[in-house]
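Reader: I have not worked with this one before. Can you walk me through what is on the screen?

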Amino acid sequence: MARHSIKVTINGKVYEEEVEPRMLLSDFLRDVCGLTGTHVGCEHGVCGACTVNVEGAAVRSCLMFAVQADGQNIKTIEGIAENGELTTLQKNFIECHGLQCGFCTAGIIVSTEDYLKKKPEPSTQEIKEMLSGHLCRCTGYDGIVKAIEKTIEDNKTTVSS
Ligand code: FES
Ligand code: FES
């Protein structure tokens with residue numbers, strides 16, 4: 001099958017690669033770029049494990065072909081930490097026991113980061129609705145919701161101080 005040249009910026013680094021047109025973006029990130037923090041669960045858009053940020057919006061990388069990402073800016077879980085330090089959200093996932101095996105965590109962190117930028121103070125119900133796009137088999141979601149709620153509170157303190 002003919003291969004296509006693509007140029008994608010991921011976490012600030014430019015990747016120029018040749019890919020088959022049917023290669024999924026999730027496979028490109030993991031197998032070509034070595035960014036294995038993006039996980040693959042269902043491969044049909046249900047579990048949310050593969051979520052990455054493309055041009056400022058959280059998307060499921062198993063529902064995109066790598067060729068569709070040509071020329072785009074992508075942020076994966078590896079690019080979330082700031083200056084080598086975990087973000088408040090990441091720290092709160094640890095502190096509030098929002099993860100166990102961590103399989104779903106990367107996708108949830110990427111989605112939540114995007115969500116809180118667009119809606120900084122969601123209600124608990126709204127947080128749960130956002131999380132309904134992510135399947136976690138370990139935590140029962142309580143710790144995840146607490147981690148997000150604590151982040152909202154921490155962000156308020158940062159803004160007002
Ligand atoms: S692997 Fe993409 S949504 Fe499940
Ligand atoms: S922490 Fe294991 S699937 Fe969510």
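**A first walk through the chain**

Author: In this predicted model, residues 24 or more positions apart account for 54% of the contacts in the chain with a separation of 6 or more.

Reader: What does the secondary structure come to?

Author: Five helices and five strands. Along the sequence the pattern is β-β-α-β-β-β-α-α-α-α.

Reader: How much of it is buried?

Author: 42% of the 161 residues count as buried. The accessible surface is about 8,500 Å², and 49% of that belongs to carbon and sulfur atoms.

Reader: On to helix H1. Which residues are buried there?

Author: H1 covers residues 25–32, and Leu 25, Ser 26, Phe 28 and Leu 29 are buried in it. Seen down the axis of H1, these buried residues fall within an arc of 165°, so they line one face of the helix.

Reader: Why would residues three or four places apart point the same way?

Author: Because an α-helix has 3.6 residues a turn.

Reader: What covers the buried residues of H1?

Author: The cover includes strand E1 (4–10), strand E2 (13–19), strand E3 (51–54) and strand E5 (73–75).

Reader: What about the backbone just after H1?

Author: Gly 34 is there, with a positive phi of about 75°.

Reader: Which residues other than glycine have a positive phi?

Author: His 97 is one of them, with phi near 60°. Tyr 141 is another, with phi near 75°. For context, most residues other than glycine have a negative phi.

Reader: Where are those two?

Author: Both sit in loops: His 97 is between helix H2 (88–95) and helix H3 (105–118), and Tyr 141 is between helix H4 (124–131) and helix H5 (142–160). His 97 counts as exposed, at 62% relative accessibility, while Tyr 141 is partly exposed, with a relative accessible area of 25%.

Reader: Back to H2. Is Phe 93 buried or exposed?

Author: Phe 93, which is in helix H2, is buried, with a relative accessible area of 1%.

Reader: What does Phe 93 touch?

Author: Not counting residues up to four places away in sequence, Phe 93 touches Gly 98, Leu 99, Thr 105, Ile 108, Ile 109, Ile 144, Ala 147 and Ile 148. The C-alpha atoms of Phe 93 and Ala 147 are separated by 5.1 Å, with the two residues 54 apart along the chain.

Reader: Moving to H4, which residues are buried?

Author: Ile 127, Met 130 and Leu 131 are buried in H4. They cover an arc of only 100° around the axis, which puts them on the same side of H4.

Reader: Then the loop between H4 and H5. What does Cys 136 touch there?

Author: Leaving out residues up to four places away in sequence, Cys 136 touches Cys 104, Tyr 141 and Ile 144. Cys 136 is buried, with a relative accessible area of 12%, because buried means under 20%. The C-alpha atoms of Cys 136 and Thr 105, 31 residues apart along the chain, are separated by 8.2 Å.

Reader: Last one, Lys 156 in H5. How far are the C-alpha atoms of Lys 156 and Lys 128 separated?

Author: By 20 Å, with the two residues 28 apart along the chain. Lys 156 is partly exposed, with a relative accessible area of 34%.

Notes
Residues are numbered from 1 along each chain as its sequence is written. Chains are lettered from A and ligands numbered from 1 in the order in which they are written. This is a predicted model: local features need pLDDT of at least 70, side-chain atom pairs count only at pLDDT 80 or more; totals for chains, interfaces and linings use all residues. Side-chain values use heavy atoms; hydrogens and water are left out. Helices (H or I, at least four residues) and strands (E, at least two) are DSSP runs, numbered from the N terminus. Buried means under 20% relative accessible area, exposed over 50%, partly exposed in between (1.4 Å probe, protein chains only). Contact means heavy atoms within 4.5 Å. Accessible areas come from the Shrake-Rupley method with a 1.4 Å probe; for residues, only the protein chains shown count as cover. The arc is that of the directions from the helix axis to the C-beta atoms.
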